[in-house]
Amino acid sequence: MLAFIVSRLLQAIPVMLTVSLISFAMFAYVGDPVTIMLGQDYTEAQREALVRELGLDQPFFVQFVEFLQNVLRGDFGISYRLGRPVADLILERLPATLELALTAALLALLVGVPLGVYTGLYRDSWLSRVFLTVSLIGVSLPTFLIGILLILVFAVILGWLPSFGRGETVTIGWWSTGLLTASGLKALILPAVTLGLYQMTLIMRLVRSEMLEVLRTDYIKFARARGLPDRIVHFGHALKNTLVPVITITGLQLGAIIAFAIVTETVFQWPGMGLLFIQAVANADIPIMAAYLMLIALLFVVINLIVDLLYYAVDPRLRSGLVASSGR
Amino acid sequence: MPLLDVRNLRVEFPTRRGTLVAVDDVSFSIEPGEVLGVVGESGAGKSITGAAIIRLIEPPGRIAGGEIWLDGRRIDTLPPERMRSVRGREIGAIFQDPLTTLNPLYTIGRQLAETMQTHLGLGAKEARARAIRWLEEVGIPAAAERIDAYPHQFSGGMRQRVVIALALCAEPKLVIADEPTTALDVSIQAQVIALLKRLCRDHGTAVMLITHDMGVIAETADRVAVMYAGRIAEIGPVREVVKHPRHPYTEGLMGSIPPLSHRVRRLAQIEGAMPRLTDIPPGCAFNPRCPRAFDRCRRDRPELMATDGPNRAACWLHDPSSRDEALGHAA
Amino acid sequence: MSAFARMHYLARIFDSDLWWSFTRSPTVVVSALVAVAMIGSAAFAPWVAPHNPFDLATLNLLDAFTPPIWLEGGDARFPLGTDDQGRDVLSTILYGARISLFVGFCSVLFAMTLGVTIGLVAGYAGGAVDAVLMRIADIKLTFPAILIALLVDGIVRAVLPRELHDRIAIWVLIFAIGISNWVPFARTVRGSTMVEKNKEYVMAARVIGLSPARIMWSHVLPNVMGPVLVIATLQLGFAILAEATLSFLGVGVPPTQPSLGTLIRIGNDFLFSGEWWITVFPGAALAIMVLSVNLLGDWLRDALNPKLR
């Protein structure tokens, strides 16, 4: 078990190194940070001082190692545009994004899985057809359009929910949460629905097709032939066997949710990392882009590890020595 | 009173190119404790007949006619929930491939226990104790330890023993075994068949043994039904069917197994293949391949009829009114 | 042999089953018609659209914010109303759809070319080449496409001066979306190639001295085109959405050549003041376009997949 975790972590190292190399290359070679930071008027002495301060006069490898050391200490440099340490900027905005993403993911799972089971079990019922049609529309509507429509209906026309921002937040340590105030929760509803809807339809369709696949298997037929009640066959035997692919996709989708949070945050002016990132892209603010890239890579590594551990919990075939060949 | 009585069973599969009749007017019965072999090529309808009895035909297939009686009670009209309690409790089932029949994510003990808890109302402890006894009975070594193992930790033969335990653990009166040894290694086929035979004799369970292997039938069954293109071609005591087949198709089948004690007349392999269900010829379905077909065989469909022995065969050769025509044709 | 294989393949594609399932489903027929109509009217926008919304001479700011024709204050010249600059919304949609579709088609074409090439090479070469390429695909797959497209766009923005970037923005966008979507093509083609390369006719072609590139092009490729087309159709919907999303985020096509996404972004500013039509109609056009393409793709996938009845 421990060996498994360690081997997974070891596998993650090259990925993280590659990503940091890309980040660093962006950092070092894309654009001219010195010119950007100094603005229009500067003296040659100012320029040289900044070059030295940023370490840009060192050879590539030295710079890279220094970059890595800084990163490990949590120093991602200074934003060109905002002139503040990137780490601070990201840390300020991390809670908002994580709260939004996790709420959306939870919503997608809690609604998507039951709908998928239902449409898989009763594939020809009219309700299933309605769900499937709606889900196809859900997949075809871009996230930002869903957000705009929700704002139009619930904020502009009905006036029930706020159309932007996080509402009131409470700060616990460095973590600012919107989950503890009424206005914070209200503000979370529309963005979370917007962000979760696409993943929900995806999970629903996945669970449905896995369910259809599993229901055709011999062991389900045999479970029926043994006279087990439908409840046990469907929600025990069948659902458990659909879990492995569902876990994989949900894990990958959690990454996608965090990426798509960029869009949702833009629509709702949600003060999270995504908004920070999109502003960075529009202004070529490389340090923020590089840091964001590495943070996302780290999140993916962690998510993948959790996914692997969940496999391990669900599938006994992996527990008994097949771990080495379980690579996906 | 027979234990199982199937009367004029008809199973249809509606497709967009028309309705396929997979099982057509099939009638047979099984006495308590009896082993009935059902033999035929793949696609002859033997597995679907078995699935129809426990009402587990894949949609869009459906029972389109006939009656199924179990122990004097009609079961094909039972509501689904009542039928569910017949499956496992009164009719057990054994499937072909033990590698895919067991749920890979549950321990075999759990699968045994849940079956017994469903049907016998046992508590968890009692169910577990009985599960261990069943594993011992089907010959799993160190049953008390192996009960918490997962299916993938067993070999194919051992898994089929577990499947047999699962089929019998709720003490059904009838077991439908669909090709129980086909997927197994030849060296262990005989062991598994012997085990099945012994357990069913000990527990007084009747067996409907579906297979395409005449050898297995000859060793195991009391009576045998030969199916061809969705119908029963011949049915009778196993020795009689093997030694004195009354239907030309059965004769051809017998050519494919080694002779027992008697010197069997050598038969050429049957020419051609079983027709697809989409184009069954008029008259007797076997007529295009039959070496002794005559005009009536191409015109009228024969029902099972009495022969000069204990077997009944669906063949006009045994109809007194057409015998002259048949002889004339042969001459 | 290859001619036979190809004929056999074509026979399978245009088997009556495919046609049967096409005509059987009214949804599919309707979405095919809608897709053709939208692609057609977008492609011929300059001839179909009632106005040229980018001809400054015909614009009149007095026409700004005209509501759709069926609302009070509507104008017969502008069936779907006008935007803040007095541009006819219907015309901007037609011109915008043109750009959206152009970017969509080009990026899928790019992703397809890239993916098919990588897949063929990886599948045919095998060994280390295959391992490296597929590992890249794995890593690539864990990053959402939209993020990669954003990064590519951000880097190009940082490297190029602003005016130059605006001029080639549309090609940057095509590159960014294409580069983020090649993996499904590569995976499929690689799998089929590995199966095909061991077949006798490929061996035979190798024995008579045909070069690997030629063998792959004329023998392996035709056999994998079916699944590739299915993926391409499904990816077209994704690509159109990706373009719209990037343009909505303000990092896509420049405002001088607005795509549907840009139009929605512009209209979004007027949502609160009640001029909903400026954003809702381009949004609806985008949704209908993607929906019809997705329905076609879904149907094509199911129709070519014998596993789903």
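A residue is called buried here if 20 or more other C-beta atoms lie within 10 Å of its own, exposed if 12 or fewer, and partly exposed in between, with C-beta atoms placed from the backbone. The model is predicted, so local features need pLDDT of at least 70 and side-chain atom pairs count only at pLDDT 80 or more, while totals for chains, interfaces and linings use all residues. Residues are numbered from 1 along each chain as its sequence is written, and chains are lettered from A, with ligands numbered from 1, in the order in which they are written.

**View 1. B:Val11 and its surroundings.** Let us start with B:Val11, which counts as buried because it has 23 C-beta neighbours inside 10 Å. B:Val11 sits in strand 1 (residues 4-15) of chain B; helices (H or I, at least four residues) and strands (E, at least two) are DSSP runs, numbered from the N terminus. Leaving out residues up to four places away in sequence, B:Val11 touches B:Ala22, B:Val23, B:Ile48, B:Ala52, B:Ile57, B:Gly61, B:Ile63 and B:Ala64. Contact here means that two C-beta atoms, placed from the backbone, lie within 7 Å. From C-alpha to C-alpha, B:Val11 and B:Val26 are 9.5 Å apart in space and 15 residues apart in sequence.

View 2. Four strands make an open sheet in the order 2-1-4-5 (chain B), with antiparallel pairing. Two strands are taken to pair if DSSP finds at least two bridges between them. At the edges are strand 2 (18-30) and strand 5 (73-74) of chain B, each pairing on one side only. Strand 1 of chain B runs antiparallel to strand 4 (residues 62-70) of chain B, and 7 bridges join them. Look for B:Arg10, which stands opposite B:Gly65 in strand 4 of chain B.

**View 3. Chain B as a whole.** Stepping back, chain B has 13 helices and 12 strands. Its C-alpha trace spans about 70 × 45 × 40 Å along the principal axes. Of the 331 residues of chain B, 47% count as buried.

**View 4. Where chain B meets chain A.** Here 24 residues of chain B are in contact with 20 residues of chain A. Helix 2 (80-86), helix 3 (98-101) and helix 4 (108-120) of chain B each supply at least two residues of the chain B side, and helix 4 gives the largest share, 4 residues. By class, this side of chain B has 9 nonpolar, 10 polar and 5 charged residues. Ala, Val, Leu, Ile, Met, Phe, Trp, Tyr, Cys and Pro count as nonpolar, Asp, Glu, Lys and Arg as charged, and the others, Gly among them, as polar.

**View 5. Where chain C meets chain A.** This contact takes 34 residues from chain C and 32 residues from chain A. The largest share of the chain C side, 10 residues, comes from helix 7 of chain C. The side of chain C that touches chain A has 23 nonpolar, 9 polar and 2 charged residues.
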